[in-house]
Structure formats: C-alpha cells, structure tokens
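Grab a pencil and open the viewer. Here are some exercises on reading a fold, each with a worked solution.

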Amino acid sequence: MYNLLKKLYNRNMMNEYTLRNFLEEHINENLLQMILSGNKSGGEPSRVKIRPVLLKDRLLYQASQTMGAKVLHTNYERGQVITYIEDMMQKYFRQLQSQGMDMDGSVLVSKRGKMTFKSRKHSILEQARELSHNRTKKYILKEGTPVPFLIDLGVMTKEGRIVSRRYDKFRQINRFLEFIEDILPKLPRDREVTILDFGCGKSYLTFAMYYYLKLLKGYDVNIIGLDLKTDVIERCNALARSYGYEKLRFYQGDIAQYEGVREVDMVVTLHACDTATDYALNKAVRWGAQVILSVPCCQHEVNAQISSDLLSPVFSYGILQERMAALITDGIRAKLLERHGYETQILEFIDMEHTPKNLLIRAVRTEKRTENPELDRMMEELHIKPSLKRLLEEESDAV
C-alpha cells in the first residue's frame with residue numbers, strides 16, 4: 001500500500017512540473033544559450049535563440065527570432081522572456097535545448113502536446129567552461145589573479161574569479177593581448193612607446209594594453225585613448241589615476257580632427273563606425289605607425305555604392321549584399337595598407353557566435369609596397385570609391 005501511494009505521489013509531482021518550472025530553473029545568470037527549434041508547421045519562425053546580454057549594467061535576455069533570411073532581435077527582462085518562451089513553445093516549437101554554466105536541459109513536445117523535461121547538472125562549474133574550450137585555454141591574464149581594472153569594470157571579482165556572464169569579455173581581452181604579444185618584437189625597448197587607441201569607449205582593452213605592456217612586460221609606454229563621449233572619458237581618467245597609471249590618458253575628440261601627437265608607434269581602432277575606421281587608418285599611415293590593429297564596424301559606405309550586373313541576383317537579398325560589402329570593405333582596407341608599406345593579415349578576433357564584428361586587420365610596417373593593380377580593377381567593376389583610398393591619395397599628393 002505504501003509503495004502504491006508513493007508511486008501515485010511521484011506521478012502527481014511529475015505532472016505538476018511545468019515548462020515554467022523548467023524555465024525558472026534554467027534561465028539565470030549562468031545561462032549560456034537556449035535554442036527553440038522544430039517548428040510544428042514547418043513555417044516561420046524556424047528557430048529562436050535566447051542568450052543573456054548585459055546592457056548598461058542590466059542583465060537582459062536577447063531573443064533572436066529567425067524569419068526566413070532575417071533575424072529579429074528583442075531584449076527581455078527575465079520574467080518577460082519566460083512568458084515569451086512559454087508562448088513560443090505553445091504555438092510553434094517541438095524542441096528546446098538549454099546550455100548553462102552549471103546545468104543543461106531539454107524539452108520535447110509530442111504530437112499530442114505532452115512535454116518531456118530533462119535536466120542535468122554539471123558536477124562542477126568548470127565542466128561547462130571546458131565544453132566551450134575555456135578551461136584548456138592558457139590565458140595571458142590568468143583567472144585567480146585579481147586585476148584591478150577587471151574588477152572595477154565588472155569582469156572579475158575581488159578574489160580573481162571571472163563573473164560568469166562576463167566570461168566572453170574576459171576571453172576577448174585575452175585574445176586581443178595575444179595579437180599584441182605577436183607584434184612585441186616590432187615595439188622598441190630603448191625608448192618610450194606611444195600607442196593611440198581611437199574610439200576607446202569604456203576602455204577594457206586600453207587598460208589591458210597598459211597593464212600587459214607596462215606591468216607584465218616592462219615596456220615604457222605612453223597610451224592615449226580617444227573617444228567622443230565625455231562622461232566615459234572622465235570615468236576612464238579617474239580609474240587610471242586611481243591605479244597609478246601615469247602614462248595612460250584619455251581625451252574627448254574626433255578621430256578625423258585629432259592632431260595631439262606627431263609620431264605614433266602603434267594605432268588601435270576597435271569598432272570605430274563606418275568611415276571613422278578609414279580616418280584612423282589614414283592617420284596611422286601618416287604617422288608611420290609600426291603596428292596597426294583594427295576591428296572595423298558598421299561598414300555602410302561601400303554597401304551604399306556597390307553594384308554589379310554579375311552579382312545582382314545575390315545582391316537582391318539585402319542582408320547578403322550588406323555582408324559581402326562589409327567583407328569587401330575590409331579586404332580593400334588591408335590591400336590599401338599593403339600599398340603603403342605594410343604587411344597585413346585579417347584574423348578572427350573572437351568567435352562569430354558572440355559578435356558578427358569579429359575580423360581584425362593587423363598591419364605591420366615593412367616599407368615594402370605592393371601595388372595590386374587588380375585592386376583598382378575590382379573597385380572599378382564594383383563601382384566603389386572607399387574613403388581610405390581617397391584619404392591616402394590626398395596624403396600622397398600633399399607630400
């Protein structure tokens with residue numbers, strides 16, 4: 001009798017477990033991603049991806065809904081996204097897969113609408129990190145060693161532990177330092193090294209450069225950060241003073257108009273929007289910078305110009321034209337730098353999973369110029385006139 005009552009009790013408890021219970025357990029700061037798939041009718045939306053995002057220090061959940069060739073993004077509070085997922089699973093989807101730092105899970109919906117739930121906790125948090133290739137990676141800035149600027153920027157705790165929802169930022173910073181590590185032989189050791197960071201923003205990477213080059217590698221560096229936002233500049237200067245970073249300074253200003261230095265050893269421009277990247281690259285060439293590190297962003301200029309009868313069938317899809325224009329823009333930038341004495345590479349900055357703006361142009365000055373006449377032919381065929389080409393030609397004519 002006791003066993004029968006126990007079975008009935010367990011069955012009732014299982015019946016009481018709902019999709020909301022599942023979502024309440026899985027949607028928190030440790031969530032990595034959640035995928036809704038298997039449209040019941042085979043129509044749209046075909047897929048929804050949920051991931052946590054931090055906007056203005058608020059933890060939100062971004063739903064990326066695939067509608068044909070388009071992806072629509074909407075940000076929700078925690079309670080809102082739970083309601084949203086319940087609605088989407090009720091109307092459209094048969095399957096949900098959840099991956100977290102400490103728990104994975106799945107939901108399967110039968111043809112009759114019955115839901116089956118599975119959850120599996122990891123034995124330790126590091127297992128999840130190992131799955132995303134974080135545990136085996138040897139980072140320049142090591143977890144467990146407190147770094148003041150990472151603590152103040154919300155990436156690391158006072159004990160040196162990486163905040164789970166900021167792990168992507170931690171990986172990005174270390175990936176950037178790897179690019180700098182590769183070009184260390186190009187930076188002088190017998191004098192002050194001047195580095196200019198255009199569009200520095202909150203300056204995660206600017207602080208990382210100073211910490212790595214000055215404190216870890218012992219270089220005599222003078223790093224200047226430039227950005228348009230006055231409040232951001234004031235905060236960055238206050239942080240630099242609090243750390244005793246005497247040769248790290250931030251100024252408010254425009255890339256195109258900046259004339260605060262005459263010679264620069266390295267120019268960094270990360271996510272400078274559209275032609276702001278071109279102005280930064282032109283400045284770097286004019287200063288004779290030994291190293292250029294650039295992650296372009298929002299390449300609108302060429303997208304507005306590009307046309308081709310041959311490619312018109314593909315260009316009829318706006319999203320494909322936009323992406324092709326962005327790739328062509330960065331390829332042209334790299335080749336134009338080769339014309340002016342640089343050896344260039346285009347490298348992956350961080351995984352495409354985290355941001356589509358993931359290509360980095362690394363240019364090292366060699367004085368060897370490569371003309372690339374086929375480059376002009378390609379630009380003519382595609383009817384494009386990039387700003388960097390015009391700016392570099394103007395500088396050459398002025399000389």
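Predicted model: local features only at pLDDT ≥ 70, side-chain atom pairs only at ≥ 80, totals over all residues.

Residues are numbered from 1 along each chain as its sequence is written, and side-chain values use heavy atoms, with hydrogens and water left out.

**Exercise 1.** Work out how helix 2 and helix 3 are oriented to each other.

*Solution.* Start by finding helix 2 at residues 19-26 and helix 3 at residues 78-91. (Helices are DSSP runs of H or I, at least four residues, numbered from the N terminus.) Next, take the angle, about 140°, with the axes 10 Å apart; axes are lines fitted to C-alpha atoms over the stretch in contact, and angles run from 0 to 180 degrees between N-to-C directions. Now sort that angle: under 35 degrees is roughly parallel, over 145 roughly antiparallel, 65 to 115 roughly perpendicular, and the rest oblique. The two helices are therefore oblique to each other.

**Exercise 2.** Find which residues of helix 2 and helix 3 meet, and sort them by class.

*Solution.* Look for contacts, meaning heavy atoms within 4.5 Å. (Ala, Val, Leu, Ile, Met, Phe, Trp, Tyr, Cys and Pro count as nonpolar, Asp, Glu, Lys and Arg as charged, and the others, Gly among them, as polar.)

**Exercise 3.** Which residues touch the most other members of the largest nonpolar core?

*Solution.* A nonpolar core is a set of buried Ala, Val, Leu, Ile, Met, Phe, Trp, Tyr and Cys residues joined through side-chain atoms within 4.5 Å. Buried means under 20% relative accessible area, with exposed over 50% and partly exposed in between (1.4 Å probe, protein chains only). The core has 54 residues, and F149, I180 and F207 touch the most other members. Helix 7 (residues 204-216) gives the most to this core, with nine residues. Now zoom in on F149: beyond four places in sequence, its contacts include F207, Y211 and Y243.

**Exercise 4.** Is S387 buried or exposed?

*Solution.* First locate S387 in helix 14 (residues 387-398). Its relative accessible area is 7%, so S387 is buried.
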